[in-house]
Amino acid sequence: MCAEGGIHEIEPRSGVAFTLDRGDRLTVIDPRGEQVADLLAFNRHDLDEVISSGRTLDYASRIYLTTGDPLYSNRSNVLLRIVEDTVGRHDFLLTPCSSDTFRIIYGDAHPHRGCFGNLAAALQPYGIAPDRIPVAFNCFMNVPVDAATGALRVEPPLSRAGDHISFVAERDLVIGLTACSALQSNNGRFKPIHYRIERGEGRTQPA
Ligand SMILES: [Zn+2]
């Protein structure tokens, strides 16, 4: 769905996939506040190259990334770079929520397929199989870590309505993006996510 001004909407508990060309700018917007969006990136010309939490956090020597930070691939190439960030708290530790997440953590008898299932379905037309899905960059997800014990907590996002994070593509990419389906990550309410693509030469993507 494409609303005014080239803004696309991802419905609550769903996901999409699309391509970016090198130089394109992707802005992920939290329209109502406290809503997480899982972001994946694959090299469009070689799908074995994929966004890597391990390499990115290793090279950053930090777990919280923000404006200026690159997101590396498993081959240590920069796939995306964060160029604007109005929140300053995102997660790159936890894997996309899935039916197993809801079964194991929440005890759901009939679990939703989660971000993982939504990403798998959206990426399937691009030839990306579910087993290729790595840890996603979780826009707006707030996961504080206890410095002494390493204990994790999933807290409500710090994002407020209209907050956003922008990335520039440094390769031609296939992107997967969700409106996260986990109650705990989104302070108990499932909301949409908006995104906008600005093409490299300042053109806005046609609807
Ligand atoms: Zn999720």
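Student: Which residue is the bridge partner of Leu 39 in S7?
Tutor: Phe 137 is the bridge partner of Leu 39 there. Keep in mind that this is a predicted model, where local features need pLDDT of at least 70, side-chain atom pairs count only at pLDDT 80 or more, and totals for chains, interfaces and linings use all residues. Residues are numbered from 1 along each chain as its sequence is written.

Student: What counts as a strand and as pairing here?
Tutor: Strands (E, at least two residues) are DSSP runs, numbered from the N terminus, and two of them pair if DSSP finds at least two bridges between them.

Student: OK, how many bridges join S4 to S7?
Tutor: Three, with strand S4 (residues 37-43) running antiparallel to S7.

Student: And what order do the strands of that sheet take?
Tutor: S2-S9-S4-S7, an open sheet of four strands with antiparallel pairing. Strand S2 (15-20) and strand S7 (137-139) are the edge strands, each pairing on one side only. Neighbouring strands are turned by 25 degrees against each other on average, direction ignored; the axes behind that are lines fitted to C-alpha atoms, and angles run from 0 to 180 degrees between N-to-C directions.

Student: How many bridges do S3 and S8 pair over?
Tutor: Six, in the antiparallel sense, between strand S3 (residues 25-30) and strand S8 (residues 163-169).

Student: What stands opposite Thr 27 in S8?
Tutor: Ser 166 does.
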